[in-house]
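Dear colleague,

Please find below the structure that I am handing over to you. My findings follow directly after it.

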Amino acid sequence: MRWEGRCPACGDWNTLVEAPAGAGKPRDRFHPAGRSSVAAPLREAVASEAGRLLLDIGDLDLVLGGGLVSGSVVLLGGSPGIGKSTLLLQAAASVQRTGGSALYVSGEESAPQVRLRAERIGGAALDVTFFGSTGVEELLRVAHSARPDFLGVDSIQTLSSEAADSAPGTVSQVRECTAALQAFAKLSGTPVVIVGHVTKQGSLAGPRTLEHVVDAVLQLEGSRGREHRLLRATKNRFGSVDEIAVFRMTGAGLAPVDNPSEVFLSQAGGVSGSAVAVTFQGSRPLLAEVQCLTARSRFGIPQRTTSGFPPRRLALLLAVLERRAGVQAIERDVFVNVVGGLRLSDPAADLAVAAALVSAELERTIGSRAIIGEVGLGGEVRAVPRLERRLAEARKLGIEEAIVPATALPATVTHEAAGAAGAPQTLRLVPVSHVRELVERIA
Ligand code: TYD
Ligand code: MG
């Protein structure tokens with residue numbers, strides 16, 4: 001035996017929990033019947049994940065990687081009040097609407113409470129089968145006999161198993177219950193969606209272990225004051241983790257947002273320190289507003305506070321701007337915020353962040369110009385993939401001018417082409433090849 005302080009899988013500290021050997025159920029629960037237990041050539045293996053259940057709620061299916069895979073276990077996380085139970089019930093209703101049967105198990109709310117929610121959501125929500133339970137054995141007995149096409153469980157923290165004698169929500173309980181639900185999912189082919197609450201620190205309360213066990217982890221985000229909700233996968237065995245779905249909380253549940261870009265552009269245009277980036281989140285281009293503020297540093301080490309943009313990337317941009325374009329912001333306090341909770345991991349957002357910085361530092365507004373490009377260490381502005389689709393998205397949102405990498409022209413886009421093809425209006429392209437030119441454009 002030896003000590004381990006750090007999880008070898010996710011790299012987080014203090015997430016490992018000691019458990020007595022032999023605790024829990026026999027191993028074979030993880031290898032249920034129906035799975036081949038003989039060695040055989042791969043070519044003879046039949047895909048058991050062929051079936052995908054389409055839920056058709058905005059871009060939820062996209063985030064899942066093309067629908068809910070049969071036999072998979074999905075964890076739906078988010079802070080209290082964000083809309084997890086609502087989304088779960090909507091998913092169940094959607095299964096019901098398309099002729100399937102959905103079982104919704106809640107240990108959090110009573111049947112009358114969930115009924116009220118179902119009435120708000122409307123559609124087939126009232127046809128969903130409800131079972132109020134906090135015991136995993138009991139709920140699985142019901143699930144076994146009901147044989148639903150979809151099982152939703154709200155929430156993992158309220159469930160407990162007879163196999164563990166600790167309180168609900170503890171690591172051993174969460175692990176037991178998840179394992180039991182997983183065995184059911186694999187055995188019956190039923191997709192199971194489990195709700196999990198997130199603590200203030202941002203991790204799923206107690207059960208970090210849970211994230212390793214399930215097939216996909218979806219995270220519902222948003223601030224309670226705002227009506228918009230962002231759904232993204234932080235883990236997905238069956239698809240990419242880049243896709244996002246944008247919803248609006250309405251009086252009748254979560255509704256898809258038709259034009260997500262609008263959500264990420266704040267109304268307050270025309271102030272210095274604000275720039276519009278065109279980023280790809282998975283397969284979709286999105287306009288995002290970057291806000292930046294610089295201030296005199298009062299302490300020895302200048303502060304860097306970023307939200308939605310990698311701090312290291314910011315440090316790099318600051319260094320490049322100072323060395324290659326003479327913008328002396330490196331000793332200043334710098335705050336960067338991406339509007340609407342979006343995360344800009346796409347390198348094509350570099351130039352927009354640099355522009356927001358320059359704009360903040362020089363106190364010059366950029367206006368509603370879209371700014372697209374990757375910034376290299378030499379200060380050069382590099383071409384970005386899928387420029388045309390980014391420009392099309394900008395044009396759709398009424399942007400009239402875009403600063404783009406000069407290297408991308410005219411090979412991919414010509415000035416004429418940008419305004420052609422039935423576009424509502426033309427988009428002026430301003431090519432730049434170096435951050436110096438960007439500074440000249442803004443100053
Ligand atoms: P809920 O799904 O209960 O959140 P969670 O399960 O993540 O804690 O939703 C919480 C909020 O959503 C609650 O404040 C009420 C609001 N809501 C609506 O605005 N419209 C609706 O149609 C529904 C069902 C809920
Ligand atoms: Mg809830």
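Gly 378 lies in the loop between β17 (374–375) and β18 (381–382); helices (H or I, at least four residues) and strands (E, at least two) are DSSP runs, numbered from the N terminus. With a relative accessible area of 31%, Gly 378 is partly exposed; buried means under 20% relative accessible area, exposed over 50%, and partly exposed in between (1.4 Å probe, protein chains only). Not counting residues up to four places away in sequence, Gly 378 touches Arg 324 and His 434, where contact means heavy atoms within 4.5 Å. Gly 378 and Val 435 are 57 residues apart in sequence, and their C-alpha atoms are 9.1 Å apart in space.

Please note that this is a predicted model, in which local features need pLDDT of at least 70 and side-chain atom pairs count only at pLDDT 80 or more, while totals for chains, interfaces and linings use all residues. Residues are numbered from 1 along each chain as its sequence is written, chains are lettered from A and ligands numbered from 1 in the order in which they are written, and side-chain values use heavy atoms, with hydrogens and water left out.

The sheet

An open sheet of seven strands has mixed pairing and the order β14-β15-β13-β12-β16-β19-β20; two strands pair if DSSP finds at least two bridges between them. β14 (304–307) and β20 (428–432) stand at the edges with a single partner strand each, so one side of each has no neighbour in the sheet. From one strand to the next, the twist averages 25°.

Strand β12 (residues 274–281) is largely enclosed by the rest of the structure, because eight of its eight residues are buried. Both faces are covered: Ser 274, Val 276, Val 278 and Phe 280 are buried on one side, and Ala 275, Ala 277, Thr 279 and Gln 281 on the other. β12 runs antiparallel to strand β13 (residues 284–295), joined to it by eight bridges, and Val 278 stands opposite Leu 287 in β13. These two strands form a hairpin with two residues between them, and Gly 282 in the turn has a positive phi of about 70°. β12 is also joined to β16 by two bridges, in the parallel sense; here Ala 277 stands opposite Ile 371 in β16.

Ile 403 has Val 430 in β20 as its bridge partner.

Helix α8 (residues 311–325) packs on the sheet and touches β14 and β15 (333–338), its direction making about 125° with that of β14. Axes are lines fitted to C-alpha atoms, for helices over the stretch in contact, and angles run from 0 to 180 degrees between N-to-C directions. Helix α12 (residues 435–442) also packs on the sheet, touching β16 (369–371), β19 and β20, and its direction makes about 135° with that of β20.

Helix pairs

α8 and α9 pack at an angle of about 60°, with their axes 10 Å apart. They are therefore oblique to each other; angles under 35 degrees count as roughly parallel, over 145 as roughly antiparallel, 65 to 115 as roughly perpendicular and the rest as oblique. The contact is made by Arg 313, Leu 314, Leu 317, Leu 318 and Leu 321 of α8 with Asp 350, Val 353, Ala 354, Leu 357 and Val 358 of α9.

Helix α2 (residues 84–97) and helix α3 (residues 111–121) pack at an angle of about 65°, with their axes 10 Å apart, and are therefore roughly perpendicular to each other. Ser 85, Thr 86, Leu 89 and Gln 90 in α2 meet Val 114, Arg 117, Ala 118 and Ile 121 in α3.

Backbone points to inspect

Most residues other than glycine have a negative phi, and most peptide bonds are trans. Arg 147, in the loop between α4 (136–146) and β6, has a positive phi of about 45° and is exposed, with a relative accessible area of 60%. Glu 363, in the loop between α9 (350–362) and β16, has a positive phi near 55° and is exposed at 63% relative accessible area. The peptide bond from Asp 154 to Ser 155 is cis, with omega near 0°; Ser 155 lies in the loop between β6 (150–154) and α5 (171–188).

With kind regards
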